[in-house]
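Student: I've got a new structure open and I'd like to learn how to read it. Could you walk me through a few features?

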Amino acid sequence: MTAERSVLPGRFSGLSIKLIATIIMVIFAVEIVVYLPSIANYRASWLDDRLRVGVVAARVLDAVPDVMALPRALTDRLLNSAGADAIVYRREGQSQLIELDNAVTPTVAVTADMRLRDPMTLIMGAVDTLLGGGGRTLRIVGEGDRDESLVELLMPERPLRYDLFTYSRDFFLISLIIAFITAAVLYLVVRWVFIMPVRRLTENMLAYRQAPENASLIITPSQRRDEIGIMERELAAMEQDLFSMLRQRRHLADLGLAVAKINHDLRNTLTSAQLLSDQVATLDDPKVQRLAPRLVTTLDKAIGFAQSVLDYGRESAAPPVPGPVDLRTLIEDAAFDARLVGHPGIAFVNGAPEGLSINVDAGQLARVFVNLLKNAREALESVTAFPTPPEVRVEVTQSEDGLVIAVTDNGPGLLPRARANLFVAFEGSARAGGTGLGLAIARELVEAHGGHLQWVEQSPGTRFEVSLPTSAILR
Ligand SMILES: Nc1ncnc2c1ncn2[C@@H]1O[C@H](COP(=O)(O)OP(=O)(O)OP(=O)(O)O)[C@@H](O)[C@H]1O
Ligand SMILES: [Mg+2]
(Lines give C-alpha, C1' and ligand atoms only; values in the text may rest on other atoms or scores of the structure.)
(Ligands and ions follow the chains in the order given, each with its own letter.)
Protein backbone atom coordinates (compact mmCIF):
# COMPACT_ATOMS: atom_id res chain seq x y z
CA MET A 1 0.00 0.00 0.00
CA THR A 2 1.33 3.42 -0.86
CA ALA A 3 1.42 6.30 1.59
CA GLU A 4 -1.18 8.34 -0.34
CA ARG A 5 -3.64 5.50 -0.34
CA SER A 6 -3.39 5.18 3.42
CA VAL A 7 -4.88 8.64 4.02
CA LEU A 8 -8.56 8.63 4.96
CA PRO A 9 -10.85 10.83 2.82
CA GLY A 10 -12.25 13.98 4.46
CA ARG A 11 -15.69 14.24 6.02
CA PHE A 12 -17.43 15.31 2.80
CA SER A 13 -15.46 13.31 0.31
CA GLY A 14 -15.36 9.64 -0.42
CA LEU A 15 -18.50 7.72 0.41
CA SER A 16 -20.51 10.59 1.93
CA ILE A 17 -20.41 12.95 -1.02
CA LYS A 18 -21.32 10.17 -3.43
CA LEU A 19 -24.22 9.28 -1.21
CA ILE A 20 -25.60 12.83 -0.99
CA ALA A 21 -25.23 13.42 -4.73
CA THR A 22 -26.99 10.15 -5.54
CA ILE A 23 -29.91 10.87 -3.19
CA ILE A 24 -30.45 14.37 -4.61
CA MET A 25 -30.28 13.09 -8.17
CA VAL A 26 -32.76 10.31 -7.51
CA ILE A 27 -35.20 12.68 -5.80
CA PHE A 28 -34.99 15.10 -8.73
CA ALA A 29 -35.56 12.30 -11.23
CA VAL A 30 -38.66 11.27 -9.27
CA GLU A 31 -39.85 14.89 -9.04
CA ILE A 32 -39.63 15.34 -12.80
CA VAL A 33 -41.79 12.28 -13.32
CA VAL A 34 -44.32 13.69 -10.84
CA TYR A 35 -44.10 17.26 -12.21
CA LEU A 36 -45.65 16.71 -15.65
CA PRO A 37 -48.95 15.14 -14.49
CA SER A 38 -49.24 17.59 -11.65
CA ILE A 39 -48.82 20.66 -13.85
CA ALA A 40 -51.33 19.18 -16.30
CA ASN A 41 -53.80 18.78 -13.41
CA TYR A 42 -53.20 22.28 -12.21
CA ARG A 43 -53.93 23.68 -15.66
CA ALA A 44 -57.04 21.52 -16.05
CA SER A 45 -58.53 22.74 -12.78
CA TRP A 46 -57.61 26.33 -13.66
CA LEU A 47 -59.51 26.00 -16.94
CA ASP A 48 -62.42 24.17 -15.25
CA ASP A 49 -62.82 27.08 -12.82
CA ARG A 50 -63.15 29.49 -15.73
CA LEU A 51 -65.49 27.17 -17.54
CA ARG A 52 -67.76 26.93 -14.48
CA VAL A 53 -68.41 30.69 -14.67
CA GLY A 54 -69.07 30.20 -18.38
CA VAL A 55 -71.74 27.63 -17.55
CA VAL A 56 -73.40 30.06 -15.11
CA ALA A 57 -73.40 32.68 -17.85
CA ALA A 58 -74.90 30.15 -20.22
CA ARG A 59 -77.70 29.51 -17.74
CA VAL A 60 -78.50 33.21 -17.74
CA LEU A 61 -78.41 33.33 -21.55
CA ASP A 62 -80.71 30.33 -21.66
CA ALA A 63 -83.24 32.10 -19.46
CA VAL A 64 -83.50 35.34 -21.50
CA PRO A 65 -84.96 35.50 -25.01
CA ASP A 66 -82.72 38.35 -26.11
CA VAL A 67 -79.11 38.90 -25.11
CA MET A 68 -79.31 42.56 -25.93
CA ALA A 69 -81.93 42.95 -23.22
CA LEU A 70 -79.45 41.95 -20.51
CA PRO A 71 -78.11 44.82 -18.49
CA ARG A 72 -74.51 45.68 -19.38
CA ALA A 73 -73.49 45.60 -15.71
CA LEU A 74 -74.53 41.93 -15.42
CA THR A 75 -72.76 40.73 -18.53
CA ASP A 76 -69.59 42.60 -17.55
CA ARG A 77 -69.64 41.01 -14.11
CA LEU A 78 -70.05 37.58 -15.61
CA LEU A 79 -67.18 38.15 -18.02
CA ASN A 80 -64.94 39.61 -15.35
CA SER A 81 -65.45 36.82 -12.89
CA ALA A 82 -64.40 34.34 -15.59
CA GLY A 83 -61.54 36.60 -16.66
CA ALA A 84 -62.91 36.22 -20.20
CA ASP A 85 -63.21 38.72 -23.06
CA ALA A 86 -66.15 36.85 -24.51
CA ILE A 87 -68.47 33.94 -23.70
CA VAL A 88 -70.25 32.03 -26.45
CA TYR A 89 -73.17 29.71 -25.78
CA ARG A 90 -74.17 27.26 -28.55
CA ARG A 91 -77.29 25.19 -28.49
CA GLU A 92 -79.41 23.54 -31.17
CA GLY A 93 -77.50 25.21 -34.01
CA GLN A 94 -77.82 28.69 -32.47
CA SER A 95 -75.18 30.66 -30.71
CA GLN A 96 -75.33 33.58 -28.32
CA LEU A 97 -72.41 35.81 -27.45
CA ILE A 98 -71.61 38.22 -24.69
CA GLU A 99 -68.40 40.17 -24.86
CA LEU A 100 -66.59 43.06 -23.31
CA ASP A 101 -66.85 46.37 -25.06
CA ASN A 102 -63.17 46.68 -25.69
CA ALA A 103 -62.63 43.03 -26.67
CA VAL A 104 -59.83 42.54 -29.19
CA THR A 105 -60.39 40.16 -32.06
CA PRO A 106 -58.03 37.18 -31.61
CA THR A 107 -55.27 36.70 -34.12
CA VAL A 108 -53.66 33.46 -32.95
CA ALA A 109 -56.05 31.32 -30.95
CA VAL A 110 -55.29 28.15 -29.10
CA THR A 111 -58.09 25.80 -28.12
CA ALA A 112 -58.33 24.00 -24.79
CA ASP A 113 -61.14 21.50 -25.27
CA MET A 114 -62.04 20.38 -21.77
CA ARG A 115 -64.12 17.52 -23.10
CA LEU A 116 -60.86 15.74 -23.95
CA ARG A 117 -59.41 14.72 -20.61
CA ASP A 118 -56.88 11.96 -21.33
CA PRO A 119 -53.61 12.48 -19.44
CA MET A 120 -51.46 12.82 -22.56
CA THR A 121 -53.62 15.62 -24.05
CA LEU A 122 -53.63 17.43 -20.71
CA ILE A 123 -49.83 17.14 -20.34
CA MET A 124 -49.24 18.27 -23.93
CA GLY A 125 -51.61 21.22 -23.35
CA ALA A 126 -49.66 22.30 -20.25
CA VAL A 127 -46.30 21.98 -22.01
CA ASP A 128 -47.67 23.93 -24.99
CA THR A 129 -48.87 26.74 -22.72
CA LEU A 130 -45.50 26.93 -20.97
CA LEU A 131 -43.39 26.85 -24.11
CA GLY A 132 -45.53 28.50 -26.76
CA GLY A 133 -47.94 30.67 -24.86
CA GLY A 134 -47.69 34.35 -24.20
CA GLY A 135 -49.47 36.56 -26.70
CA ARG A 136 -52.03 34.00 -27.83
CA THR A 137 -55.75 33.99 -27.23
CA LEU A 138 -57.14 31.02 -25.34
CA ARG A 139 -60.37 29.38 -26.40
CA ILE A 140 -61.76 27.18 -23.63
CA VAL A 141 -64.45 24.79 -24.80
CA GLY A 142 -66.68 22.73 -22.49
CA GLU A 143 -70.17 21.27 -22.17
CA GLY A 144 -73.04 23.38 -20.94
CA ASP A 145 -75.80 22.44 -18.48
CA ARG A 146 -78.23 21.28 -21.13
CA ASP A 147 -77.88 18.37 -23.52
CA GLU A 148 -75.93 19.12 -26.67
CA SER A 149 -75.04 22.60 -25.46
CA LEU A 150 -71.53 24.06 -25.64
CA VAL A 151 -69.86 26.87 -23.77
CA GLU A 152 -66.81 28.69 -25.11
CA LEU A 153 -64.71 31.29 -23.35
CA LEU A 154 -62.23 33.54 -25.08
CA MET A 155 -59.51 35.10 -23.01
CA PRO A 156 -55.80 35.97 -23.21
CA GLU A 157 -53.53 33.02 -22.43
CA ARG A 158 -51.10 35.14 -20.41
CA PRO A 159 -52.75 34.80 -16.91
CA LEU A 160 -52.83 30.99 -17.29
CA ARG A 161 -49.21 30.93 -18.34
CA TYR A 162 -48.22 33.18 -15.48
CA ASP A 163 -49.99 30.92 -12.97
CA LEU A 164 -48.34 27.84 -14.49
CA PHE A 165 -44.91 29.42 -14.10
CA THR A 166 -45.61 30.37 -10.50
CA TYR A 167 -46.79 26.84 -9.84
CA SER A 168 -43.65 25.37 -11.49
CA ARG A 169 -41.37 27.61 -9.48
CA ASP A 170 -43.07 26.62 -6.22
CA PHE A 171 -42.92 22.98 -7.25
CA PHE A 172 -39.21 23.26 -7.96
CA LEU A 173 -38.52 25.02 -4.65
CA ILE A 174 -40.48 22.44 -2.69
CA SER A 175 -38.67 19.63 -4.56
CA LEU A 176 -35.38 21.24 -3.68
CA ILE A 177 -36.31 21.49 -0.01
CA ILE A 178 -37.57 17.88 0.04
CA ALA A 179 -34.43 16.68 -1.72
CA PHE A 180 -32.16 18.43 0.75
CA ILE A 181 -34.10 17.37 3.82
CA THR A 182 -34.22 13.74 2.61
CA ALA A 183 -30.56 13.78 1.66
CA ALA A 184 -29.62 15.26 5.03
CA VAL A 185 -31.71 12.77 7.01
CA LEU A 186 -30.49 9.80 4.95
CA TYR A 187 -26.94 11.06 5.11
CA LEU A 188 -27.07 11.31 8.89
CA VAL A 189 -28.66 7.89 9.25
CA VAL A 190 -26.26 6.22 6.82
CA ARG A 191 -23.35 8.03 8.35
CA TRP A 192 -24.29 6.88 11.80
CA VAL A 193 -25.19 3.32 10.81
CA PHE A 194 -22.66 2.67 8.11
CA ILE A 195 -20.00 5.26 7.34
CA MET A 196 -18.85 5.90 10.91
CA PRO A 197 -18.33 2.20 11.70
CA VAL A 198 -16.57 1.68 8.36
CA ARG A 199 -14.36 4.67 9.12
CA ARG A 200 -13.58 3.21 12.51
CA LEU A 201 -12.60 -0.06 10.83
CA THR A 202 -10.48 1.72 8.24
CA GLU A 203 -8.75 3.87 10.83
CA ASN A 204 -8.05 0.83 12.95
CA MET A 205 -6.60 -1.07 9.97
CA LEU A 206 -4.34 1.84 9.07
CA ALA A 207 -3.14 2.26 12.66
CA TYR A 208 -2.69 -1.46 13.21
CA ARG A 209 -0.72 -1.82 9.99
CA GLN A 210 1.78 0.72 11.28
CA ALA A 211 2.37 -1.21 14.52
CA PRO A 212 1.04 -4.77 14.35
CA GLU A 213 3.00 -5.75 17.44
CA ASN A 214 0.99 -3.29 19.56
CA ALA A 215 -1.86 -5.34 21.05
CA SER A 216 -3.67 -2.24 22.35
CA LEU A 217 -4.46 -1.34 18.73
CA ILE A 218 -6.50 -4.51 18.21
CA ILE A 219 -10.07 -3.41 17.49
CA THR A 220 -12.74 -3.97 20.15
CA PRO A 221 -15.74 -5.31 18.27
CA SER A 222 -19.18 -3.81 19.01
CA GLN A 223 -22.23 -5.93 19.75
CA ARG A 224 -23.73 -5.35 16.29
CA ARG A 225 -25.26 -8.38 14.67
CA ASP A 226 -25.12 -7.12 11.07
CA GLU A 227 -22.36 -7.44 8.44
CA ILE A 228 -20.36 -4.62 10.00
CA GLY A 229 -20.45 -6.44 13.35
CA ILE A 230 -19.16 -9.58 11.62
CA MET A 231 -16.46 -7.53 9.91
CA GLU A 232 -15.37 -6.05 13.24
CA ARG A 233 -15.20 -9.45 14.92
CA GLU A 234 -13.33 -10.97 11.98
CA LEU A 235 -10.88 -8.08 11.92
CA ALA A 236 -10.33 -8.41 15.67
CA ALA A 237 -9.68 -12.14 15.27
CA MET A 238 -7.33 -11.52 12.35
CA GLU A 239 -5.39 -8.87 14.28
CA GLN A 240 -5.12 -11.15 17.29
CA ASP A 241 -3.81 -14.00 15.10
CA LEU A 242 -1.33 -11.68 13.45
CA PHE A 243 -0.20 -10.38 16.80
CA SER A 244 0.40 -13.90 18.16
CA MET A 245 2.11 -14.95 14.96
CA LEU A 246 4.47 -11.99 15.04
CA ARG A 247 5.26 -12.54 18.69
CA GLN A 248 5.88 -16.24 18.06
CA ARG A 249 8.09 -15.38 15.13
CA ARG A 250 10.12 -12.96 17.14
CA HIS A 251 10.60 -15.53 19.86
CA LEU A 252 11.58 -18.13 17.29
CA ALA A 253 14.02 -15.73 15.69
CA ASP A 254 15.57 -14.99 19.10
CA LEU A 255 15.72 -18.70 19.82
CA GLY A 256 17.25 -19.37 16.41
CA LEU A 257 19.93 -16.81 17.08
CA ALA A 258 20.71 -18.41 20.43
CA VAL A 259 20.86 -21.88 18.83
CA ALA A 260 23.16 -20.57 16.13
CA LYS A 261 25.51 -19.13 18.76
CA ILE A 262 25.52 -22.32 20.85
CA ASN A 263 25.93 -24.38 17.72
CA HIS A 264 28.84 -22.29 16.57
CA ASP A 265 30.68 -22.80 19.87
CA LEU A 266 29.75 -26.46 19.88
CA ARG A 267 31.22 -26.93 16.42
CA ASN A 268 34.50 -25.32 17.49
CA THR A 269 34.63 -27.50 20.57
CA LEU A 270 33.93 -30.57 18.48
CA THR A 271 36.62 -29.58 16.00
CA SER A 272 39.14 -29.43 18.86
CA ALA A 273 37.90 -32.84 20.02
CA GLN A 274 38.35 -34.10 16.44
CA LEU A 275 41.95 -32.92 16.38
CA LEU A 276 42.55 -34.71 19.68
CA SER A 277 40.90 -37.90 18.48
CA ASP A 278 43.02 -37.79 15.31
CA GLN A 279 46.09 -37.77 17.53
CA VAL A 280 44.66 -40.51 19.75
CA ALA A 281 44.13 -42.62 16.63
CA THR A 282 47.88 -42.61 16.00
CA LEU A 283 48.56 -44.33 19.37
CA ASP A 284 49.70 -47.94 19.17
CA ASP A 285 47.41 -49.31 21.85
CA PRO A 286 45.21 -51.98 20.19
CA LYS A 287 42.15 -50.95 22.23
CA VAL A 288 42.57 -47.37 21.10
CA GLN A 289 43.09 -48.59 17.54
CA ARG A 290 39.75 -50.39 17.73
CA LEU A 291 37.72 -47.52 19.26
CA ALA A 292 39.39 -44.51 17.60
CA PRO A 293 37.76 -44.85 14.13
CA ARG A 294 34.28 -44.94 15.72
CA LEU A 295 35.13 -41.86 17.76
CA VAL A 296 36.32 -40.09 14.61
CA THR A 297 33.12 -40.94 12.64
CA THR A 298 30.89 -39.88 15.54
CA LEU A 299 32.70 -36.57 15.83
CA ASP A 300 32.55 -36.14 12.04
CA LYS A 301 28.81 -36.60 12.12
CA ALA A 302 28.37 -34.17 15.01
CA ILE A 303 30.49 -31.53 13.25
CA GLY A 304 28.59 -32.12 10.00
CA PHE A 305 25.30 -31.63 11.82
CA ALA A 306 26.46 -28.44 13.53
CA GLN A 307 27.78 -27.17 10.20
CA SER A 308 24.57 -27.80 8.27
CA VAL A 309 22.44 -26.09 10.94
CA LEU A 310 24.75 -23.07 10.73
CA ASP A 311 24.56 -23.14 6.93
CA TYR A 312 20.76 -23.30 7.04
CA GLY A 313 20.61 -20.10 9.06
CA ARG A 314 23.04 -18.36 6.76
CA GLU A 315 21.85 -19.72 3.44
CA SER A 316 18.16 -18.91 3.75
CA ALA A 317 18.87 -15.27 4.50
CA ALA A 318 20.75 -14.30 1.34
CA PRO A 319 18.84 -13.51 -1.88
CA PRO A 320 20.33 -15.01 -5.06
CA VAL A 321 22.81 -12.97 -7.09
CA PRO A 322 22.35 -14.30 -10.65
CA GLY A 323 25.05 -14.43 -13.27
CA PRO A 324 25.79 -16.46 -16.41
CA VAL A 325 26.69 -20.07 -15.62
CA ASP A 326 27.36 -23.09 -17.85
CA LEU A 327 24.81 -25.67 -16.72
CA ARG A 328 26.83 -28.76 -17.71
CA THR A 329 29.87 -27.58 -15.77
CA LEU A 330 27.75 -26.63 -12.78
CA ILE A 331 26.26 -30.14 -12.63
CA GLU A 332 29.63 -31.79 -13.15
CA ASP A 333 31.08 -29.79 -10.23
CA ALA A 334 28.07 -30.58 -8.05
CA ALA A 335 28.44 -34.31 -8.82
CA PHE A 336 32.08 -34.04 -7.85
CA ASP A 337 31.19 -32.37 -4.52
CA ALA A 338 28.53 -35.00 -3.93
CA ARG A 339 31.29 -37.62 -4.43
CA LEU A 340 29.57 -39.18 -7.40
CA VAL A 341 32.25 -38.51 -9.99
CA GLY A 342 34.64 -41.44 -9.95
CA HIS A 343 32.45 -43.39 -7.52
CA PRO A 344 33.52 -47.05 -7.51
CA GLY A 345 29.99 -48.54 -7.47
CA ILE A 346 27.70 -45.89 -9.00
CA ALA A 347 27.60 -44.66 -12.58
CA PHE A 348 26.92 -40.97 -13.09
CA VAL A 349 25.45 -39.61 -16.37
CA ASN A 350 25.49 -35.86 -16.92
CA GLY A 351 22.78 -35.32 -19.56
CA ALA A 352 23.05 -31.50 -19.62
CA PRO A 353 23.71 -30.26 -23.17
CA GLU A 354 27.03 -28.66 -24.04
CA GLY A 355 27.08 -24.86 -24.06
CA LEU A 356 23.74 -24.24 -22.32
CA SER A 357 24.22 -21.07 -20.34
CA ILE A 358 21.79 -20.02 -17.58
CA ASN A 359 21.39 -16.93 -15.45
CA VAL A 360 21.40 -18.08 -11.81
CA ASP A 361 23.29 -17.72 -8.56
CA ALA A 362 26.01 -20.32 -9.25
CA GLY A 363 26.76 -21.04 -5.57
CA GLN A 364 23.10 -21.50 -4.61
CA LEU A 365 22.15 -23.66 -7.59
CA ALA A 366 25.25 -25.81 -7.09
CA ARG A 367 24.09 -26.35 -3.49
CA VAL A 368 20.70 -27.54 -4.82
CA PHE A 369 22.32 -30.16 -7.05
CA VAL A 370 24.89 -31.22 -4.47
CA ASN A 371 21.98 -31.97 -2.11
CA LEU A 372 19.97 -33.88 -4.71
CA LEU A 373 22.97 -35.85 -5.98
CA LYS A 374 24.20 -36.57 -2.46
CA ASN A 375 20.75 -37.90 -1.51
CA ALA A 376 20.80 -40.14 -4.59
CA ARG A 377 24.26 -41.45 -3.78
CA GLU A 378 23.34 -42.08 -0.14
CA ALA A 379 20.18 -43.92 -1.21
CA LEU A 380 22.12 -46.09 -3.67
CA GLU A 381 24.90 -46.80 -1.18
CA SER A 382 22.35 -48.01 1.38
CA VAL A 383 21.29 -50.87 -0.92
CA THR A 384 23.40 -53.96 -1.41
CA ALA A 385 21.56 -56.08 -3.98
CA PHE A 386 20.70 -54.46 -7.31
CA PRO A 387 18.63 -55.80 -10.19
CA THR A 388 20.28 -53.19 -12.47
CA PRO A 389 23.66 -51.49 -12.05
CA PRO A 390 23.29 -48.42 -9.76
CA GLU A 391 23.14 -45.20 -11.68
CA VAL A 392 22.43 -41.49 -11.12
CA ARG A 393 21.35 -39.48 -14.12
CA VAL A 394 20.77 -35.77 -14.79
CA GLU A 395 18.47 -34.93 -17.72
CA VAL A 396 17.66 -31.47 -19.05
CA THR A 397 14.56 -30.58 -21.07
CA GLN A 398 13.88 -27.18 -22.48
CA SER A 399 10.34 -26.01 -23.31
CA GLU A 400 8.29 -22.83 -23.69
CA ASP A 401 7.66 -22.85 -19.93
CA GLY A 402 11.36 -22.92 -19.12
CA LEU A 403 13.94 -25.44 -18.13
CA VAL A 404 13.43 -28.74 -16.29
CA ILE A 405 16.49 -30.40 -14.80
CA ALA A 406 15.67 -33.88 -13.53
CA VAL A 407 17.88 -35.83 -11.11
CA THR A 408 16.98 -39.54 -11.18
CA ASP A 409 18.40 -42.68 -9.63
CA ASN A 410 17.44 -46.33 -9.78
CA GLY A 411 17.67 -46.78 -6.01
CA PRO A 412 15.10 -47.90 -3.45
CA GLY A 413 12.79 -44.88 -3.81
CA LEU A 414 11.46 -42.63 -1.04
CA LEU A 415 10.51 -44.25 2.24
CA PRO A 416 6.96 -43.43 3.43
CA ARG A 417 8.49 -41.65 6.42
CA ALA A 418 10.47 -39.38 4.10
CA ARG A 419 7.45 -38.71 1.86
CA ALA A 420 5.31 -37.49 4.76
CA ASN A 421 7.59 -34.57 5.60
CA LEU A 422 9.43 -34.07 2.35
CA PHE A 423 10.88 -30.53 2.09
CA VAL A 424 10.17 -29.78 5.80
CA ALA A 425 13.34 -28.63 7.54
CA PHE A 426 14.58 -30.95 10.32
CA GLU A 427 11.57 -33.24 9.78
CA GLY A 428 12.15 -34.81 6.39
CA SER A 429 15.04 -37.11 7.21
CA ALA A 430 14.45 -40.83 7.06
CA ARG A 431 18.03 -41.97 7.22
CA ALA A 432 20.40 -42.44 10.12
CA GLY A 433 22.60 -39.38 10.58
CA GLY A 434 20.47 -37.21 8.25
CA THR A 435 19.53 -33.71 9.35
CA GLY A 436 16.53 -33.40 7.07
CA LEU A 437 17.73 -30.06 5.74
CA GLY A 438 18.97 -30.95 2.25
CA LEU A 439 15.65 -30.91 0.41
CA ALA A 440 14.21 -28.02 2.47
CA ILE A 441 17.20 -25.84 1.59
CA ALA A 442 17.15 -26.96 -2.04
CA ARG A 443 13.48 -26.06 -2.45
CA GLU A 444 13.97 -22.64 -0.83
CA LEU A 445 16.91 -21.86 -3.12
CA VAL A 446 15.05 -22.94 -6.27
CA GLU A 447 11.98 -20.92 -5.30
CA ALA A 448 14.12 -17.85 -4.67
CA HIS A 449 15.08 -18.19 -8.37
CA GLY A 450 11.40 -18.11 -9.38
CA GLY A 451 11.34 -21.85 -10.05
CA HIS A 452 10.14 -24.92 -8.15
CA LEU A 453 11.47 -28.24 -6.93
CA GLN A 454 9.25 -31.30 -6.85
CA TRP A 455 9.40 -34.99 -6.33
CA VAL A 456 7.99 -37.00 -9.24
CA GLU A 457 6.82 -40.51 -8.49
CA GLN A 458 8.62 -43.21 -10.48
CA SER A 459 9.40 -46.87 -9.99
CA PRO A 460 11.98 -48.08 -9.47
CA GLY A 461 14.08 -45.28 -8.02
CA THR A 462 13.54 -41.59 -7.29
CA ARG A 463 13.14 -38.53 -9.47
CA PHE A 464 13.39 -34.89 -8.42
CA GLU A 465 12.72 -32.08 -10.90
CA VAL A 466 14.12 -28.58 -10.70
CA SER A 467 12.07 -26.23 -12.93
CA LEU A 468 13.47 -22.83 -13.79
CA PRO A 469 11.57 -20.04 -15.57
CA THR A 470 12.41 -19.06 -19.15
CA SER A 471 13.98 -15.88 -17.83
CA ALA A 472 16.79 -18.04 -16.37
CA ILE A 473 17.82 -19.36 -19.80
CA LEU A 474 20.51 -17.31 -21.53
CA ARG A 475 21.01 -19.45 -24.58
N1 LIG B 1 17.14 -40.06 -4.08
C2 LIG B 1 16.58 -40.52 -2.95
N3 LIG B 1 16.25 -41.83 -2.82
C4 LIG B 1 15.71 -42.27 -1.68
N5 LIG B 1 15.38 -41.50 -0.61
C6 LIG B 1 15.66 -40.19 -0.69
C7 LIG B 1 16.26 -39.63 -1.85
N8 LIG B 1 16.39 -38.29 -1.65
C9 LIG B 1 15.92 -38.07 -0.41
N10 LIG B 1 15.49 -39.18 0.16
C11 LIG B 1 14.88 -39.29 1.50
O12 LIG B 1 14.42 -38.03 1.89
C13 LIG B 1 14.95 -37.70 3.18
C14 LIG B 1 15.15 -36.24 3.26
O15 LIG B 1 16.24 -35.80 2.49
P16 LIG B 1 17.02 -34.51 2.89
O17 LIG B 1 18.12 -34.31 1.90
O18 LIG B 1 16.07 -33.43 3.09
O19 LIG B 1 17.60 -34.86 4.32
P20 LIG B 1 18.78 -35.84 4.66
O21 LIG B 1 19.45 -36.29 3.42
O22 LIG B 1 18.20 -36.89 5.52
O23 LIG B 1 19.71 -34.92 5.52
P24 LIG B 1 20.71 -33.79 4.99
O25 LIG B 1 20.59 -33.74 3.52
O26 LIG B 1 20.26 -32.58 5.68
O27 LIG B 1 22.06 -34.22 5.44
C28 LIG B 1 16.19 -38.51 3.30
O29 LIG B 1 16.47 -38.80 4.65
C30 LIG B 1 15.87 -39.76 2.52
O31 LIG B 1 15.24 -40.71 3.32
MG1 LIG C 1 20.22 -34.95 1.97
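Predicted model: local features only at pLDDT ≥ 70, side-chain atom pairs only at ≥ 80, totals over all residues.

Student: What is the phi of Glu92?

Tutor: The general idea first: most residues other than glycine have a negative phi. Now the case here: Glu92 isn't a glycine, yet its phi is positive, about 45 degrees.

Student: And peptide bonds? Is the one from Ser459 to Pro460 cis or trans?

Tutor: As a rule, most peptide bonds are trans. The bond from Ser459 to Pro460 is cis, with omega near 0 degrees. You'll find Pro460 in the loop between β11 (452-456) and β12.

Student: Let's zoom out. What domains does the protein chain have?

Tutor: The domain assignment gives three entries: domain 1 (15-180), domain 2 (227-315) and domain 3 (323-472). Taken over C-alpha atoms, the centres of domain 1 and domain 2 are 101 Å apart.

Student: Now the ligand. Where does ligand 1 sit?

Tutor: Look in the largest pocket; that's where ligand 1 sits. The largest share comes from α8, with 4 residues.

Student: Which residues come nearest to ligand 1?

Tutor: There are 20 residues around ligand 1, and the nearest are Asn375, Asp409, Ser429, Ala430 and Leu437. Sorted by class, the shell has 8 nonpolar, 9 polar and 3 charged residues.

Student: How much of ligand 1 does the protein bury?

Tutor: In general, the size of an interface is often given as the accessible area lost when the parts come together. Ligand 1 taken alone exposes 600 Å², and the protein buries 93% of that.

Notes: Residues numbered from 1 in each chain as written. Chains lettered and ligands numbered in written order. Heavy atoms only, no water. Domains from an automatic or database assignment. Near = heavy atom within 4 Å. Areas by Shrake-Rupley, 256 points an atom, 1.4 Å probe, with all protein chains shown as cover. 1 Å grid on protein atoms, 1.4 Å probe; cavity = no way out; pocket = protein on both sides within 12 Å on 5 of 7 lines; lining within 4 Å. Sits in = over half its atoms within 2 Å of the grid points. Helix = DSSP H or I, 4+ residues; strand = E, 2+ residues; numbered from the N terminus. Nonpolar A, V, L, I, M, F, W, Y, C, P; charged D, E, K, R; others polar.
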